[in-house]
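Subject: Structure handover, with notes on side-chain contacts

Hello,

Please find the structure below. My notes follow it.

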Number of protein chains: 2
Amino acid sequence: MNMNDELIDYLSRYIEVTDELVKSINSSSMIKRFEKGSTILKEGDSYQEAFFVLKGCLRSYVLKDGEDITIDFYLDEQAVMPVGYSDLKPAEFSLECLEDSLVLINTENQEKEMIEEYPELKSLCLTMSEVLAEKIQVEYSAYKTSTPEERYRDLIEKKPELLQRVPQYQIASYLGIKPESLSRIKKRIQS
Amino acid sequence: MNMNDELIDYLSRYIEVTDELVKSINSSSMIKRFEKGSTILKEGDSYQEAFFVLKGCLRSYVLKDGEDITIDFYLDEQAVMPVGYSDLKPAEFSLECLEDSLVLINTENQEKEMIEEYPELKSLCLTMSEVLAEKIQVEYSAYKTSTPEERYRDLIEKKPELLQRVPQYQIASYLGIKPESLSRIKKRIQS
């Protein structure tokens, strides 16, 4: 499978992918391949792009007083961010690849151009952004109202594959705790 | 100004509002008026609606072990939630009115019907949901990486009107602290 096949495969689950759309995707440069360890976006840098992980694993994080704080992880077929509106603005967090990844990157203008040419994409973009908004809202709400142990139990239940694919110290920082506290929580759960 | 004028006024800032659209809005029942103190949505109840505050102030909160935890506040012309996709599901939080409020409430199907009839609304819905996704993401990221005092300073800077319109104990719970801690933070900042 080449890079674009991943996107076509994804789209064809939601809309009818015409030959023209395939051609257009193949001639575009919206899909980029990144090696494990690459930084896609750096906190503070100006950006306007939307990011969508076709395959792989990304992590968003912030550096604060020298401490690396994980905001979130994004696995295959997950939207990371919607396009940035208003003016070009500094990124709230950095984005790095924890695995070799295929990422769809497009700007507001590219999105508009693609939609103009392929109006059937518009419904998909609308659904995707609404699903993304809902997902982040649920996670934000859960984070605000849960203890680290509750968050960890939730991960085991809802995102078990994440625990296999991501280093433990990053899971700890994602939960808002130190690695030692995560070890204690794991022991408590196992016993 | 009647209830629908608020919506027409809002829409006309983004798209051309035709007489047909005005008629359609006037004959729909998407806009509802709620009195201060009303509960619009109850945590755990099934829902599929999207909520948008045209005028007023809403608060989302969760009851956990008897404690009332504020998730967020929503002032005039703010989207609260995108439409709920997939199946009907239990609400993650309750929504109450802190002031008399005008709220636009619509389901995924109503959104689809309106868009079919008025395709110009689709771009607006797309922009609104992308802006909403971005807003929650920025707030989630900020919450995860800041101390309560930093969050409070951020409120003073970015949402001063909220501090005038909402009780202090709810602001404290929104910041993730007890009212006494908020009093201490305020004293520290003033001195």
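A charge is taken to sit over a ring if NZ of Lys or CZ of Arg is within 6 Å of the ring centre and within 35 degrees of the ring normal. Under that rule, Arg151(B) lies over the face of Tyr143(B), 3.8 Å from the ring centre. In chain A, the charged end of Arg151(A) is placed over the ring of Tyr143(A), at 3.8 Å from its centre.

Before the rest, some conventions. This is a predicted model, in which local features need pLDDT of at least 70 and side-chain atom pairs count only at pLDDT 80 or more, while totals for chains, interfaces and linings use all residues. Residues are numbered from 1 along each chain as its sequence is written, chains are lettered from A and ligands numbered from 1 in the order in which they are written, and side-chain values use heavy atoms, with hydrogens and water left out.

Aromatic pairs

Rings of Phe, Tyr and Trp (its six-membered ring) pair if their centres lie within 6.5 Å; planes under 30 degrees apart count as stacked, over 60 as edge-to-face and the rest as tilted. The count is seven aromatic pairs over all chains. One of them joins Phe73(A) and Tyr174(A): the ring centres are 5.2 Å apart and the planes stand at 55°, so this pair is tilted. Its partners are 101 residues apart in the chain, with Phe73(A) in strand β6 (residues 67–75) and Tyr174(A) in helix α7 (residues 168–175), both of chain A. Helices (H or I, at least four residues) and strands (E, at least two) are DSSP runs, numbered from the N terminus.

A pair between Tyr140(A) and Tyr143(B) has ring centres 5.9 Å apart and planes at 65°, so it is edge-to-face. This pair crosses between chains, running from helix α4 (residues 120–144) of chain A to helix α4 of chain B. Tyr140(A) is buried at 3% relative accessibility, and Tyr143(B) is buried at 12%. Both belong to one aromatic cluster made up of Tyr140(A), Tyr143(A), Tyr140(B) and Tyr143(B).

The interface

The contact (heavy atoms within 4.5 Å) takes 43 residues from chain A and 43 residues from chain B. The size of an interface is often given as the accessible area lost when the parts come together. Here chains A and B bury about 3,800 Å² between them, 60% of it on carbon and sulfur atoms; buried area is the accessible area (1.4 Å probe) that two parts lose on being put together, summed over both. Gln137(A), Tyr140(A) and Lys144(A) supply 20% of the area that chain A buries against chain B, more than any other three residues.

Between the two chains, 17 residue pairs are in polar contact (both at pLDDT 80 or more). A polar contact is a pair of N or O atoms within 3.5 Å; within protein, one must be able to donate a hydrogen and the other to accept it, and residues adjacent in sequence count only if both atoms are side-chain atoms. On the side of chain A that touches chain B, the elements giving two or more residues are β5 (57–64), β6, β7 (78–81), α3 (108–117) and α4 of chain A. The largest share of that side, 19 residues, comes from α4(A).

Salt bridges

A salt bridge is a side-chain nitrogen of Lys or Arg within 4 Å of a carboxyl oxygen of Asp or Glu. The whole structure has 28 salt bridges over all chains, and two are found across the interface of chain A and chain B. Lys64(B) and Glu150(A) meet in a salt bridge at 2.7 Å, N to O.

In chain B, Asp76(B) and Arg165(B) form a salt bridge (3.0 Å, N to O). The partners are 89 residues apart, Asp76(B) in the loop between β6 (67–75) and β7 (78–81) and Arg165(B) in helix α6 (residues 160–165). Asp76(B) is partly exposed at 32% relative accessible area, as is Arg165(B) at 26%.

Glu139(B) forms a salt bridge with Lys159(B), the closest N and O atoms being 3.0 Å apart. Both Glu139(B) and Lys159(B) are buried.

Regards

Key: Buried < 20%, exposed > 50% of the residue type's maximum accessible area, 1.4 Å probe, protein only.
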